[in-house]
Amino acid sequence: MEKRAQWGTRAGFILAAVGSAIGLGNIWRFPSVAYENGGGAFFIPYLFALLTAGIPLLVMEFTLGHKYRGSAPLSFFRMNKKTEWLGWWAVLVSFVISTYYAVIIAWAISYSIFAFNLSWGQDTESFLFSDYLNLSVDPGQAGSLVPGVLIPLIAVWLITLGVLFKGVKKGIEAANKIFIPTLVVLFLIIVIRAITLPGAAEGLQTFFAPNFETITSGSVWVAAYGQIFFSLSIAFAIMITYSSYLPKKSDITNNAFITGFSNSSFELLAGIGVFGALGFMASQSGVPVEDVVSGGVGLAFVVFPQIINEFPALNGLFGFLFFLSLVLAGLSSLISISETYVAAISEKFGLSRTAAVGLGGGLAAIISLLFATQGGLYFLDNADYFINQFGVAFVGLVEVIVIAWFVRNLNDFQTHANGISDLHLGGWWKICLGVITPIVLGYMMFDLFKTNIL
Ligand code: PHE
Ligand code: NA
């Protein structure tokens, strides 16, 4: 049998895991989620979720991959034959996400070029929705491909599949060693520029002003857990796959803490940068900061171009740097999502890496064309909504219940992780996974069910 691929260095693994974690979610999701759920007070449920669910689950997924040395389905299978489907489920969620995540990166590539001649103009909203994407509310009307999306989309897939084709060490590790340090430097430049703009202080005040009343509300806690899961790439099969390439002697627990805290630090930095910039925009237009807050596609592709339009100097350059950082954050995440199905199908069907990349990646690339059509945003919104509501937390919930209660493997996991890690897991780790996380996620699912179905 072929020897399993391995990371070249410990830093290589950490950069890849952090690269997966740091993504669009940190830049456009976290700032608005935190603001809408209590501002400064949100950090209480957020830190609680990080420490009781985020890092403990990361340790669990790292241990699963490291102990059983397989892609997600194979690792689950080796843990217990009856749980292989759970790995496939996570892989399927990842596959679907990859098909539209790639398209958002393609938009960011186009926008990084538009930034130089500001070709989105002043009306950035209609530029995105009518001039650039030509969106039609009727998906049947939206047959034709948008060239401004299609061309960068091809580039996104060529880069991603090229990296995966080169393998774990020469591809994924090498790419993240370039992408992540570059991303951090670019982002620091942008954030420093943002917080030194006039009005930035107001923006930051709005962001951090704590509304302590909110933390007694269940929905704020649900938002905190949801953000931690999405942001740490937990329950996407990613962290299981990546840790299966770790050498035998690897400090799992420490790696999980480093990954968790690096991701949260970047998230906090993004919140500061985004709200600094929003404060500047508010001061330019005379509207209160509260009225310009947004998140998601609107924040990145409508509000940011507006802010950049108002920039005192070097607007093209800062626009370019902002969208380039979205591209880098996005690509390192897309690489990680796509590796989950490349690894899974190559092991399941005994295919070479090249064949698995061609087959899995090729299929994802073809499906992603759907989102590059005029109706693209319509499909993208629906896919994203569906995945976020029913994919992520649900897989996480089933995962902890299966491991903690059905297979009852937490003791073995604990022994395995403690045998190779400096920091030893105690009883609290099992309480977090076996009791606290299932209760909170169970409540989350119940809440979702109530608001969506009943
Ligand atoms: N952790 C990523 C982020 O914050 C989210 C993500 C990664 C989503 C990989 C899907 C796949 O954006
Ligand atoms: Na993240």
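The model is a predicted one, in which local features need pLDDT of at least 70, side-chain atom pairs count only at pLDDT 80 or more, and totals for chains, interfaces and linings use all residues. Residues are numbered from 1 along each chain as its sequence is written, chains are lettered from A and ligands numbered from 1 in the order in which they are written, and side-chain values use heavy atoms, with hydrogens and water left out.

**Ligand 1**

Polar contacts are pairs of N or O atoms within 3.5 Å; within protein, one atom must be able to donate a hydrogen and the other to accept it, and residues adjacent in sequence count only if both atoms are side-chain atoms.

| Protein side | Ligand 1 atom | Distance |
|---|---|---|
| S20, backbone N or O | nitrogen | 3.4 Å |
| N26, side-chain N or O | oxygen | 3.1 Å |
| S233, polar side-chain atom | nitrogen | 3.1 Å |

On its own, ligand 1 has 320 Å² of accessible area, and the protein covers 100% of it. Such areas come from the Shrake-Rupley method with a 1.4 Å probe; for residues, only the protein chains shown count as cover.

**The sodium site**

The sodium ion (ligand 2) is coordinated at 2.1 to 2.8 Å by A21 (O), N26 (OD1), S231 (O), S231 (OG) and N263 (OD1). Donors are N, O and S atoms within 2.8 Å of the metal (3.2 Å for Na, K and Ca), and sites may look incomplete because water is not among the atoms. Six donor atoms around the sodium ion (ligand 2) subtend angles of 78 to 173°, so the arrangement is octahedral; for six donors, this term asks for opposite donors over 155 degrees apart and all other angles between 65 and 115. Along the chain, the donors follow the spacing A-x4-N-x204-S-x31-N. S231 in helix α10 (residues 218–231) and N263 in helix α12 are 32 residues apart, a pair linking distant parts of the chain. Helices here are DSSP runs (H or I, at least four residues), numbered from the N terminus.

**Loops and a helix**

A237 has phi near 75° and sits in the loop between α10 and α11, where its relative accessible area of 1% makes it buried. L314, with phi of about 55°, lies in the loop between α13 (296–309) and α14 (315–349) and is exposed at 55%.

S250 belongs to the loop between α11 (238–243) and α12 (252–285). Buried at 7%, S250 sends its side chain to the backbone oxygen of P247 at 2.6 Å. Beyond neighbours within four places in sequence, S250 is in contact (heavy atoms within 4.5 Å) with H66, I420 and S421.

I420 leads us to helix α18 (residues 410–420), whose buried residues include L410, F413, Q414, A417, N418 and I420. Their cover includes α3 (43–68), α4 (72–79), α12, α17 (392–406) and α19 (427–452).

Note on methods
Helices (H or I, at least four residues) and strands (E, at least two) are DSSP runs, numbered from the N terminus. Buried means under 20% relative accessible area, exposed over 50%, partly exposed in between (1.4 Å probe, protein chains only). Four donors count as tetrahedral if all angles lie between 85 and 135 degrees; four count as square planar and six as octahedral if opposite donors are over 155 degrees apart and all others between 65 and 115; anything else is irregular.
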